[in-house]
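Here is a short briefing to read beside the sequence and the coordinates. It is arranged by topic.

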Amino acid sequence: MKFSYSWLQKFFKKGLPAPEKLVTLLTKYSFEAEIDGDQLELDILHNRAADCFSYWGLAREIATLTGRKLDVPDFSLPKKKAVPTNKVVSCQVKEKDLVNRYNLQYIEGVSVKKSSSKIQKRLENNGLQTINNIVDVANYVMLELGQPIHAFDLDKISGSKIIVRSAKKDEEIITLDGEKYVLQKGMLVIADKEGPLAIAGIKGGQRAAITSETDKIVIEAANFDSYSIRQTSRQLGLRTDAEARFENGIDPHLIEKAQNRMAHLIKEVAGGEVSKERIDFYPQPMEEKIIELDLDYVSSLLGVKIPSTKIKEIINNLRFEIISQNQRQWKVKIPTYRLDISIPEDLIEEIGRVYGYEEIEPCFPKASLIPPQLNENRFWQKRTKDFFQQAGYNEIYSFAFIGRDEAENLDLEKEDLIKISNPISQNYEYLSPYLLINLLKVAIENRKQFNKVGIFEIAKVFWEDEGEQKEQWNLATLLTTAGEHSQDFIEIKGLIESLFTQNGIKVWLKEVEAPEKWWQEGQILSIKADEETIGYLGQLNGRLIEKQGYEDSVFAAEINFEKFKELALEDQEYEPISSYPALYRDLSVIVPGDTLIEEVIHEVSRTGGKLLRDVDLIDVYQGENMEGNNKSLTLRLVYQSTEKALNSEEVKKLQKKVFKTIKQKDWRVRQ
Amino acid sequence: MDINQLKKEARQKLKKASNLKEIEKVEQEILGKKGALRDILKSLSDKSLAQRKKIGQDANVFKQNFTKELKKKKAVLKEQHWSRKKKEEKLDLTQPGQKLKTGHLHPLTQVLRETEDIFKSLGFGVVEGPEVDNEYYNFDALNIPAGHPSRDEWDTLWVKSKEGDKLLRTHTSPVQIHFMENNKPPFRIIAPGRVYRHEDTNKSHGFQFYQIEGLMIGEDISVANFKALIQEFFNQFFGRSVEMRMRTGYFPFTEPSFEIDIKSKDGEWLELVGAGMVHPHLYKSAGYEERKWQGFAFGIGLDRLTMLKYGIDDLRLLYNSDLRFIKQF
């Protein structure tokens with residue numbers, strides 16, 4: 001909000017600090033301030049809006065910070081008086097919960113005209129339009145004291161009765177600027193028997209507006225429920241200066257000051273006689289709060305011992321009142337305009353900031369040495385990220401969202417996705433259930449610059465399960481090269497296998513049907529550990545990728561990182577190095593062409609038992625000399641015991657068992 | 001063959017030998033177990049004792065001398081071999097080294113690690129919380145009830161749920177409540193993580209970004225303690241003594257609240273941390289005994305910290321996954 005430096009000066013006899021000094025002071029102790037031309041631009045904190053959203057309030061704050069004396073505006077009332085307000089107008093507040101205070105003041109015999117240039121200029125400098133002397137003075141008082149004011153033309157109030165009520169469904173109002181608003185139930189309006197005269201706390205209507213013919217006016221100064229005003233303003237999409245003040249709350253006692261000031265100023269600019277008595281609906285007058293202040297708590301919380309004389313001085317400068325002092329237990333009375341202060345900590349903040357946070361000496365805490373718990377997720381993320389980085393892959397931070405089109409193209413079940421009710425745009429409508437969807441986009445984009453793109457990401461993925469929102473850490477990696485094909489698959493498969501082996505996890509890779517449309521059918525492996533699928537590895541669907549204008553093959557893997565972490569955490573057992581020699585036997589097995597290599601190795605290993613320490617694939621042959629579609633696998637079997645030296649007789653026995661298994665599987669040992 | 005013939009033949013052979021292998025062959029042929037000298041000694045049995053003695057002595061002297069000669073020639077050849085090898089295998093030391101083909105960690109990861117390491121060294125644990133959370137944890141428990149004007153500070157992305165409205169957390173502060181509900185003080189933690197806002201993307205704002213939350217609670221934790229710890233963090237992070245400014249701030253979940261600015265190398269004040277003493281409402285939310293505990297909480301923008309560290313002037317670079325950018329780190 002902008003404040004004019006010269007207007008601010010009017011509240012002090014003594015000169016204000018120079019603008020540069022003033023903004024530094026305010027920034028440090030109150031809220032951010034900058035110089036903008038001959039004005040001050042202030043970013044008043046939410047909790048201080050109630051007392052500082054006005055020249056008077058800001059002046060009070062500056063007085064506290066600088067110790068200057070405030071020069072109070074003239075609140076004196078004119079001597080000649082008109083009839084009491086309730087003789088000319090009556091008032092009924094129906095929505096008692098939404099109205100803290102409602103005050104009306106009658107003034108008769110005003111002459112409506114243009115404002116003086118001084119007032120016009122002040123309003124314009126503060127971003128307000130000038131309308132006529134009555135409305136302008138109302139706005140002037142709002143700027144000066146922070147109390148929104150509204151003036152009605154008494155003759156236009158039908159039945160001379162003001163009703164404060166909730167709007168009816170679809171009730172309409174035309175505001176001062178000629179705009180039509182359709183109101184809803186629950187919105188607070190100021191009405192007469194014909195209908196709304198104003199949207200309470202937000203904007204006045206045209207019907208009872210002040211015109212050049214007006215000579216009897218009713219001035220409203222009210223205090224509405226801030227939540228209600230805020231809601232209405234949001235629903236109507238209508239924000240005004242009055243509303244901005246109401247939604248942060250206002251001191252209800254400001255109304256007397258504001259009405260007195262109005263009476264004084266109207267008399268000055270428009271003449272007329274002010275009523276003897278006002279109508280005042282104020283069922284529960286606000287009382288000043290008493291805060292119990294424990295001086296030991298002050299020094300404990302701030303971490304500095306401020307002398308009690310200094311604390312007293314600060315409290316006095318703040319215009320708070322110490323009403324009792326019992327040793328280190330004080331009672332402090334807080335003026336009603338400080339709506340932000342309701343607990344001792346609020347008062348301690350006041351003492352701390354005015355004392356100056358700069359003055360507090362830094363001091364390391366005296367705390368017991370409790371070693372923090374290891375965060376396993378962070379630990380394994382670090383290890384995994386390092387693994388990928390060392391393998392030559394680059395880390396990506398992609399977006400957590402996917403678009404509506406993507407969800408459709410990929411055939412994702414909408415009910416399984418988490419939908420954002422108010423998305424930024426259609427491109428970010430759902431939370432992404434797989435990292436690969438966005439990694440693919442990233443890869444395609446980067447292939448314009450690089451021939452080979454190998455990337456990875458560890459981040460949360462999201463989905464909905466029977467209406468419940470789920471999230472999980474996933475790991476995904478993706479590799480694509482200009483032209484290349486088979487080499488990429490071997491690379492990424494080797495990468496994933498190494499990742500698991502290095503972390504002591506045994507996994508099985510098994511060819512499966514594509515679990516989602518973006519995998520290429522027939523080119524996809526499931527990653528299984530402990531009988532549970534924890535991820536997939538393979539080629540991405542070429543047809544779908546082509547739609548994105550990309551032609552090269554893409555290989556990728558996506559793994560449930562939380563499962564990976566659990567498996568990695570399991571104790572890894574040390575395998576003793578045998579001091580006895582190993583015996584090697586090579587073996588060629590002829591199997592049908594579609595038999596999986598893994599199956600053969602698995603069967604041989606299983607049969608060989610504990611003494612068959614390792615089975616390595618040495619060669620695969622599939623060609624002319626093979627009968628039908630058969631292939632020949634040459635395996636090297638490594639026999640070794642940790643307890644004794646094996647002799648060839650023992651190995652022969654084991655080999656026989658292996659031969660038997662091969663025969664049972666309808667495979668053949670090549671002699 | 002008699003001994004004199006053998007001597008002559010042996011020396012000729014040695015002279016001819018031009019490499020180590022050949023020398024070893026000569027050694028075998030002459031002095032070996034089945035060598036010529038042995039044959040001569042074997043044939044002595046049919047000679048007279050005097051002759052045997054004479055030839056025996058002669059053979060011994062020859063054996064000793066020839067062994068020396070062999071050794072000498074071996075040494076010469078070895079020397080020749082090494083000097084040739086040295087010449088042949090001379091490397092061009094000016095050729096460029098082969099680049100190690102490692103990948104790159106995202107700058108956010110690197111800065112987050114550094115931050116975590118510093119706080120860990122100060123005794124802070126690292127905790128995490130959900131990204132899709134309840135309105136309660138993100139707002140109400142933090143003393144930001146519905147209708148509170150400061151809710152406007154957090155433009156929220158909402159998610160419909162059968163358990164009432166859920167949201168994408170707008171800050172990492174809800175992790176405070178999740179953690180406090182399950183842990184008793186004293187403790188000190190940081191909670192890094194991804195947060196979301198309904199905001200337009202520009203050079204300094206995005207709808208998805210990272211924060212680091214900090215929380216330390218004990219019996220007498222104070223503003224002075226916070227000042228010391230945050231100053232220590234800055235000094236370690238920037239590797240120099242950083243000038244810091246603490247000024248009044250406002251957050252519904254802390255009381256008192258403050259903002260921390262640090263002075264950049266160009267002498268400009270940069271807003272980097274929002275902080276304060278934990279508001280009593282939070283102790284109540286967590287079910288703690290009233291006014292038994294004191295503590296501070298703070299929030300740092302990880303993106304801001306990263307941008308500052310590397311002189312990045314556009315936040316979007318951190319999230320548009322351009323490898324030309326990432327490969328620089």
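The predictor gives the complex an ipTM of 0.85 and a pTM of 0.84. Chain A meets chain B through 72 residues of chain A and 63 residues of chain B.

**Confidence**

- The average pLDDT of chain B is 92, and 100% of its residues score at least 70.
- Among the elements of chain B, strand E10 (residues 294-301) has the highest mean pLDDT, at 97.
- The lowest mean in chain B, 84, belongs to helix H3 (residues 36-42).
- Where pLDDT is low, predicted coordinates should not be read in detail.

**Contact between chains A and B**

- The contact draws 72 residues from chain A and 63 residues from chain B.
- On the side of chain A that touches chain B, helix H13 (residues 376-390) of chain A gives the most, with seven residues.
- That side of chain A has 31 nonpolar, 25 polar and 16 charged residues.

**Strand E6 of chain A and its partners**

- Strand E6 (residues 99-108) of chain A is mostly covered, with nine of its 10 residues buried.
- Strand E14 (residues 216-224) of chain A pairs with E6(A) in the antiparallel sense over nine bridges.
- In that pairing, Leu104(A) stands opposite Glu220(A) of E14(A).
- Strand E16 (residues 279-281) of chain A also runs antiparallel to E6(A), with three bridges.
- Here Tyr102(A) stands opposite Phe281(A) in E16(A).
- Strand E15 (residues 273-275) of chain A is joined to E6(A) by two bridges, again antiparallel.
- Ile107(A) stands opposite Val274(A) in E15(A).
- Strands of a sheet pair through backbone hydrogen bonds, either parallel or antiparallel.

**The seven-stranded sheet of chain B**

- Seven strands of chain B form an open sheet of mixed pairing, in the order E1-E5-E6-E10-E9-E8-E7.
- Its edge strands are E1 (125-126) and E7 (244-248) of chain B, each of which pairs on one side only.
- E1(B) runs parallel to strand E5 (residues 187-196) of chain B, over two bridges.
- Val126(B) has Ile190(B) of E5(B) as its bridge partner.

**Helix H12 of chain A**

- Helix H12 (residues 344-355) of chain A has 12 residues.
- From first C-alpha to last, H12(A) reaches 16 Å, close to the 16 Å expected at 1.5 Å a residue.
- Its buried residues are Glu345(A), Leu347(A), Ile348(A), Glu349(A), Glu350(A), Ile351(A), Gly352(A) and Arg353(A).

**Ile134 of chain A**

- Ile134(A) sits in helix H6 (residues 133-145) of chain A.
- Ile134(A) counts as buried because it has 29 C-beta neighbours inside 10 Å.
- Leaving out residues up to four places away in sequence, Ile134(A) touches Val110(A), Val112(A), Ala151(A), Ile210(A), Ile217(A), Ile266(A) and Ala270(A).
- Tyr621(A) is 487 residues from Ile134(A) along the chain, and their C-alpha atoms are separated by 101 Å.

**Cis peptide bonds in chain B**

- The bond from Pro185(B) to Pro186(B) is cis, with omega near 0°.
- Pro186(B) lies in the loop between helix H7 (174-182) and E5 of chain B.
- Glu255(B) and Pro256(B) are also joined by a cis peptide bond, with omega about -5°.
- Pro256(B) belongs to strand E8 (residues 254-263) of chain B.

- Arg319(A) is not a glycine, yet has a positive phi of about 65°.
- Arg319(A) is in the loop between helix H11 (308-317) and strand E18 (321-326) of chain A.
- Arg319(A) counts as partly exposed because it has 14 C-beta neighbours inside 10 Å.
- Asn143(B), not a glycine either, has a positive phi of about 70°.
- Asn143(B) is in the loop between helix H6 (135-138) and strand E3 (158-159) of chain B.
- With 19 C-beta neighbours inside 10 Å, Asn143(B) counts as partly exposed.

Methods:
Residues are numbered from 1 along each chain as its sequence is written. Chains are lettered from A and ligands numbered from 1 in the order in which they are written. This is a predicted model: local features need pLDDT of at least 70, side-chain atom pairs count only at pLDDT 80 or more; totals for chains, interfaces and linings use all residues. Two residues are in contact if their C-beta atoms, placed from the backbone, lie within 7 Å. Helices (H or I, at least four residues) and strands (E, at least two) are DSSP runs, numbered from the N terminus. Ala, Val, Leu, Ile, Met, Phe, Trp, Tyr, Cys and Pro count as nonpolar, Asp, Glu, Lys and Arg as charged, and the others, Gly among them, as polar. A residue is buried if 20 or more other C-beta atoms lie within 10 Å of its own, exposed if 12 or fewer, and partly exposed in between; C-beta atoms are placed from the backbone. Two strands pair if DSSP finds at least two bridges between them. The expected span of a helix is 1.5 Å times one less than its number of residues. pLDDT is the predictor's confidence in each residue, from 0 to 100.
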